[in-house]
Structure formats: structure tokens, C-alpha cells
Amino acid sequence: MDSWIRFSAQSQAKERVFRAAQYTCTLLGYTLQKGGASVEFLKTVKQLEAHVSLTRKLMRLGNSTEAVEAAKRAVHLSDSVLRLCLTVAHLNKAMYFACDNVLWAGKAGLLPQLDQVKWSQRSFRYYLFALILNLTRDAYEIRLLMEREARSSHVGSKATWTSSPPSPPSPHPSSLTPENVDLSDPSSLPGAILPVRLRRQFHLLVTVLRSNPPLLLDLLKNVCDVFIPLDRLGIYPTGQGFVGACGLASSVLSILTIVHPWLKLKP
């Protein structure tokens, strides 16, 4: 089992490169089709995409074992929300990889009677559920960090207030007149589009994501990835061009986390 894990870890970077190539072909095929390219050239691009996809499936043989091991490690996390999200997400990834392996056997001719459409839909369902759990984990960590940032900001502002005289109260919105309203500052308008509380939450969100690049990259990667199974399952069709762009973007982000391990979100 350990040898399988070491093999998967070594081939992960190559699989990500092939994934980027696959979705580049998807995006290129969509662009060429819109540009009126010849049928023969479009057929060549689609065949290249199919070959790259089949190669990726071959490289993912045994990844379900690694996902099961990751689920075993996640069971021991102290945080109950992270424990639930990561454990179930890894188990769904294990099922996704298992279905993907069966699908590879069907496309390679080892299982000629395999219903490829059925197994493809099944694998994408497991993939979608894993991504939803990963996004839930990202949202949970963002909320925790925002609460921590809000508490530290509150303590800092309280210390500043006690060391300096209080500022005069701002005028009530009803007392604002056309003479003292600054149209260039939306926050000075009565009934502003963005309430103060919402603007504060947005500022906290930007601060948290800016100070936590691994969390930001994981969030962007999962958001890009989730549109792929949504389109393949027909839940939210977006088209080949959008799917190709999302797949390529998430692949590049994944490669970044492999090249720079400190960008990978832990645990």
C-alpha cells in the first residue's frame, strides 16, 4: 500500500500536466469550432483530447488507495467539521477513482460490454459530491479566519480608542443635505448600495484570503472544478468552452501547489 502511495505521489505532477493538456484541447476545439476551422482539424483535436484523457485515466490507477489512506488520516482530526468534510470527501474521491479505473478498462477494451455512459455519470456524481464537501471546508475555514480577524481588529480598535479622544459622531442619514453629501463616496449616501456591515465583511474576506494564499488557491481551484461535473451531469450546462477554461485554470493552480508545496492547503 505504501508503494502505491509513493507511486501516486510521483505521478501526480505528470497527471496534472496531462490534465492541463486535455482541457487545453477542449478549449482549443471550442475556439476553432467557433472560428470555422475544418472538420478534419477539429476531429484531430478531439482525438488528441481523447488520447490524453485515456492516458490520464491510466496514470490514476491506484489513486483510490491513496484517497482511502487520506480519509483514515482525516478521521483523527480534532475539529469535527473538518473531520467530517475531509473524511467524506476523500471517500468520495476514492469511489470516483474506482469508477474512473473501471471506465478506463472499458475504453481500453478490457471490458467491452461496459456501459461507459453509466459509469461516467456515476464517477462524476462522486466527483461533484467531493468538490461540494471541499468547498464547504473552504467556507468553514474562511469563516473561522474572518471571526479571528474581526476579534483582533476589534481589540486593536478598542485599544486605539482608549488612547485617543473619541471622534464626533457622524451625522444621521436623515440630516444629510445635498450640500454635505459627497456623491463620489457611496458610503456617504443614505441607503447606500453596500451597507456598512456588508462592506466590513467583504473587507474581512479580502484580508483573510490575501493573507492565506493556500486557502485562496484551494477555493479558486474547487470553484473552477465544480463546473465540470455540473456540466457533464447536465445539472448546470455551461458549454465546452467554459468547461475547458475552468479545467485549464484549476490544472494550473494544482501544478502551482505541486511546484510550491507551501501553497497546498493543510490538512
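**A conversation about the chain**

Me: Which residues does Ala130 touch, beyond those up to four places away in sequence?

Reply: Ala130 touches Ala89, Asn92 and Lys93 once residues up to four places away in sequence are set aside. Contact here means heavy atoms within 4.5 Å. Please note that this is a predicted model, in which local features need pLDDT of at least 70 and side-chain atom pairs count only at pLDDT 80 or more, while totals for chains, interfaces and linings use all residues. Residues are numbered from 1 along each chain as its sequence is written, and side-chain values use heavy atoms, with hydrogens and water left out.

Me: And is Ala130 buried or exposed?

Reply: Ala130 has a relative accessibility of 2% and therefore counts as buried. The word buried means under 20% relative accessible area, exposed means over 50%, and partly exposed lies in between, using a 1.4 Å probe and protein chains only.

Me: Where does Ala130 sit in the chain?

Reply: Ala130 belongs to helix H5, which covers residues 116–163. Helices (H or I, at least four residues) and strands (E, at least two) are DSSP runs, numbered from the N terminus. Ala130 is also 43 residues from Thr87 in sequence, and their C-alpha atoms are 9.8 Å apart in space.

Me: Stepping back, how many helices and strands are there?

Reply: The chain has eight helices and zero strands. Its pattern along the sequence is α-α-α-α-α-α-α-α. Of its 267 residues, 35% are buried. Among contacts with a separation of 6 or more, 72% are between residues 24 or more positions apart.

Me: How are H3 and H4 arranged?

Reply: Helix H3 (residues 63–74) and helix H4 (residues 80–107) pack at an angle of about 170°, and their axes are 8 Å apart. Axes are lines fitted to C-alpha atoms, for helices over the stretch in contact, and angles run from 0 to 180 degrees between N-to-C directions. H3 and H4 are therefore roughly antiparallel to each other. Angles under 35 degrees count as roughly parallel, over 145 as roughly antiparallel, 65 to 115 as roughly perpendicular and the rest as oblique.

Me: Which residues in H3 and H4 meet?

Reply: On the H3 side they include Asn63, Ser64, Ala67 and Val68, and on the H4 side they include Arg83, Leu86, Thr87 and His90. By class, this contact of H3 with H4 has ten nonpolar, five polar and two charged residues. Ala, Val, Leu, Ile, Met, Phe, Trp, Tyr, Cys and Pro count as nonpolar, Asp, Glu, Lys and Arg as charged, and the others, Gly among them, as polar.

Me: What about H6 and H7?

Reply: The axes of helix H6 (residues 196–211) and H7 come within 5 Å and cross at roughly 105°. That makes H6 roughly perpendicular to H7. The contact involves Leu209, Arg210 and Ser211 of H6, together with Pro213, Leu215, Leu216 and Leu219 of H7. It has five nonpolar, one polar and one charged residues.

Me: Changing topic, which residues touch the most other members of the largest nonpolar core?

Reply: Within that core of 14 residues, they are Phe124, Tyr127, Leu128, Val226 and Ile228. The elements giving two or more residues to this core are H4, H5 and helix H7 (213–232). H5 gives the most, with four residues. A nonpolar core is a set of buried Ala, Val, Leu, Ile, Met, Phe, Trp, Tyr and Cys residues joined through side-chain atoms within 4.5 Å.

Me: What is Leu128 in contact with?

Reply: Setting aside neighbours within four places in sequence, Leu128 is in contact with Val226, Pro229, Leu230, Leu233 and Ile235. There is also a second, separate core of nine residues, which includes Leu145, Met146, Leu215 and Leu265.

Me: Is Trp104 buried or exposed?

Reply: Trp104, in helix H4, is buried, with a relative accessible area of 18%. Apart from neighbours within four places in sequence, Trp104 is in contact with Leu54, Lys57, Leu58, Leu61 and Leu110.

Me: And Lys34, buried or exposed?

Reply: Lys34 is found in helix H1 (residues 2–34) and counts as exposed, at 63% relative accessibility. Lys34 and Gly241 are 207 residues apart in sequence, yet 9.9 Å apart in space, C-alpha to C-alpha.

Me: Finally, which peptide bond is cis, with omega near 0°?

Reply: The peptide bond from Lys266 to Pro267 is cis. Pro267 lies in the segment after helix H8 (240–259).
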